[in-house]
Amino acid sequence: MTATRHTRPPAAAGHHERPFTGDPGRWERERSRALRTGHVRDHTCSAACELVFVHERTPWGWLAWTVPGDGSTPEIPHRIAVLTPGASRAQRLALRWLTRRPAQRIAPDRIPGSLRFSTAAVALVSLVAGLFAVSHAVPVDVALPAMLLAPLLAEHLPDGLDSRARKLVHIVEGDDACRYLQRLAALHTSLVQAAAGSDRYELRRSAEIGHNLLWDAASLLQARDTRAVSDDLIARERLMLQLAHQVAQLIHRTADEDQTRDLGRPPGLHSPSVPPSTPRPMTAPPLKGTVLMPQPESGPADRTPDVYLLFAHEPYYPGPGTQEINTTVVAADSLLHPQVRQPDGARIHVLLTQGRQPGEIVPLATLTHELHGGADWPTVGDWESVTTDLLQLVRSGDCDALSLGLPEIARALVCTGPHSHVRAYDAAADDFVVYGSSERAAVLDDVGMFLTGIATEQPFWPGDSLLPPLVSRRA
């Protein structure tokens with residue numbers, strides 16, 4: 001797994017802890033304006049007070065901060081809005097419309113209600129324009145409706161635009177809800193910054209998934225409090241942590257690869273950027289390629305869905321200036337594609353989906369281990385031709401896949417059995433380093449963490465016109 005960006009993104013904890021974290025001077029300017037133009041939050045503030053909000057716009061929405069009267073900096077936003085994922089330019093302009101400064105209003109003493117200053121200004125202009133038009137032979141029945149319609153539009157059109165724009169955002173209020181969404185937004189911002197300016201698909205995809213998680217969490221918090229949806233919120237936060245962890249490892253691994261190419265400990269097996277105790281999604285499946293012996297008989301009820309095949313291959317470069325791809329992960333059902341050598345692919349599909357756990361990543365080397373070290377491959381099929389056909393499917397875009405550029409040791413580990421060892425010479429220590437099953441499981445965990453984030457939003461597409469799976473008996 002490679003990336004073009006070589007700098008580590010700022011720690012997630014630094015984002016949105018305070019208003020305008022990257023531009024403290026902006027907060028001071030906004031605070032000074034609020035003190036001049038509106039009501040700040042202090043001991044004199046009541047429920048009827050119209051507080052002045054300072055809007056901090058972000059690529060995914062905005063945070064609305066109030067201004068404390070004691071001069072301190074707020075720690076929790078008063079309101080957080082999340083823009084719909086994949087928003088168009090027009091929809092982003094609607095978001096800016098919602099963050100405009102509030103309209104100033106006129107409240108006459110003897111007339112109930114209030115009137116916008118803009119409405120009064122438009123009424124005055126329309127009156128002058130109407131009189132001018134009438135004096136120049138414009139019919140009264142044309143000028144008069146226009147004179148009356150202009151101030152009505154100025155008064156009521158903004159409210160209509162507000163209603164339409166709010167359909168594109170999920171707005172969350174309340175300390176508990178905003179505190180939770182603030183944490184999630186900080187993690188998502190780290191993903192956005194990592195993806196900015198990078199042509200790496202994994203980084204851009206992580207940012208997209210993070211936006212969808214943020215949108216879903218805001219939707220939950222709009223309707224109910226945090227306690228009522230605590231399980232769903234925890235699951236989303238853990239998945240966001242997982243994405244942030246994976247992105248940090250990708251960037252850290254790429255930086256290490258640029259600095260050294262020796263055969264020391266493979267970067268990315270145990271990244272120090274996130275503590276090992278970082279929680280994982282509650283729904284994350286086991287992804288370690290554990291050897292699970294198949295049942296004596298297999299049928300449709302015995303097959304496990306959502307299993308993935310990982311196989312190494314000759315490195316290739318997907319485009320100019322890109323780094324090599326040397327390992328690929330595909331959905332098990334891609335083995336049933338008619339362009340894959342058959343019935344070999346269907347027979348391997350039976351092995352791959354028997355007795356597994358949902359979401360499990362099974363390296364080709366694990367199947368070799370289960371087939372008595374490869375002695376039984378001739379009775380199953382030609383795995384070399386099958387993986388060659390699978391790689392051709394991937395490169396032609398006829399199925400979904402996760403294409404990886406694994407480091408040398410990590411790739412060697414997934415090419416060996418679950419109980420095998422890889423020895424590498426460490427020139428710095430003048431000694432050999434032995435990597436075993438725990439390091440192999442760590443590599444598969446790294447791959448699985450990113451794969452889970454992608455497949456959570458949209459399952460892998462195995463291809464079209466798939467053959468029916470085999471029902472076979474195994475000893």
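Which residues touch the most other members of the largest nonpolar core? The views below come from a predicted model, and the first one takes up that question.

**View 1. The largest nonpolar core has 64 residues.** Leu181, Val329, Leu402 and Val447 are the ones that touch the most other members. Let's zoom in on Val329. Skip its neighbours within four places in sequence, and Val329 is still in contact with Tyr308, Leu309, Leu310, Ala401, Leu402, Leu404, Val447, Leu451 and Phe460. Another core, of 24 residues, lies apart from the largest one, and its members include Ala332, Leu335, Val340 and Leu367. Here's some background for this view: nonpolar side chains tend to be buried together in soluble globular proteins.

**View 2. Tyr308 and Phe460 make up the one aromatic pair that a search of the whole structure finds.** How far apart are the ring centres of Tyr308 and Phe460? The distance is 5.6 Å, and the ring planes stand at 85°, so this is an edge-to-face pair. Tyr308 belongs to strand S7 (residues 308-316), while Phe460 sits in the segment after helix H13 (437-457), so the pair ties together parts that are 152 residues apart in sequence. Are these two residues, Tyr308 and Phe460, buried or exposed? Both Tyr308 and Phe460 are buried.

View 3. Now look at strand S8 (residues 325-331) and S10: they pair in the antiparallel sense over four bridges. Thr327 stands opposite Leu404 in S10, and Thr328 has Ser403 as its bridge partner there. Which residues of S10 are on its covered face? They are Leu402 and Leu404, while Ala401 and Ser403 make up the uncovered face. A handy rule goes with this picture: side chains in a regular strand alternate between the two faces of the sheet.

**View 4. Strands S1, S2, S3 and S6, in that order, form an open antiparallel sheet.** Strand S1 (53-58) and strand S6 (169-173) are the edge strands, and each pairs on one side only. The twist in this sheet averages 15° from one strand to the next. Helix H6 (residues 201-223) packs on the sheet, where it touches strand S3 (79-83) and S6. The direction of H6 makes about 55° with that of S6.

**View 5. A hairpin takes the chain from S1 to S2 through two residues.** How many bridges link S1 and strand S2 (residues 61-66)? There are six, and the two strands pair in the antiparallel sense.

**View 6. Two arginines, Arg79 and Arg395, lie over the faces of aromatic rings.** Arg79 is over the face of Phe53, at 4.8 Å from the ring centre. Arg395 has Tyr316 as its ring, and there the distance from the ring centre is 3.9 Å.

**View 7. Helix H8 (residues 344-353) has nine of its ten residues buried, so the rest of the structure largely encloses it.** The buried ones are Asp344, Gly345, Ala346, Ile348, His349, Val350, Leu351, Leu352 and Thr353. What do these buried residues of H8 pack against? Their surroundings are S7, strand S9 (361-363), helix H9 (364-370), helix H10 (377-380) and helix H11 (383-395). Just after H8 comes Gly355, which takes a positive phi of about 65°.

**View 8. Gly448 is a glycine in helix H13.** Why does Gly448 count as buried? Its relative accessibility is 0%, and buried means under 20%, so Gly448 qualifies. Now find Gln246, which is 202 residues away from Gly448 along the chain. The C-alpha atoms of Gly448 and Gln246 are separated by 9.7 Å.

Key:
Residues numbered from 1 in each chain as written. Predicted model: local features only at pLDDT ≥ 70, side-chain atom pairs only at ≥ 80, totals over all residues. Heavy atoms only, no water. Pairing = 2+ DSSP bridges. Axes fitted to C-alpha atoms, helices over the stretch in contact; angles between N-to-C directions. Contact = heavy atoms within 4.5 Å. Phe/Tyr/Trp six-rings, centres within 6.5 Å; stacked < 30°, edge-to-face > 60°. Buried < 20%, exposed > 50% of the residue type's maximum accessible area, 1.4 Å probe, protein only. Lys NZ or Arg CZ within 6 Å of the ring centre and 35° of its normal. Core = buried A, V, L, I, M, F, W, Y, C linked by side-chain atoms within 4.5 Å.
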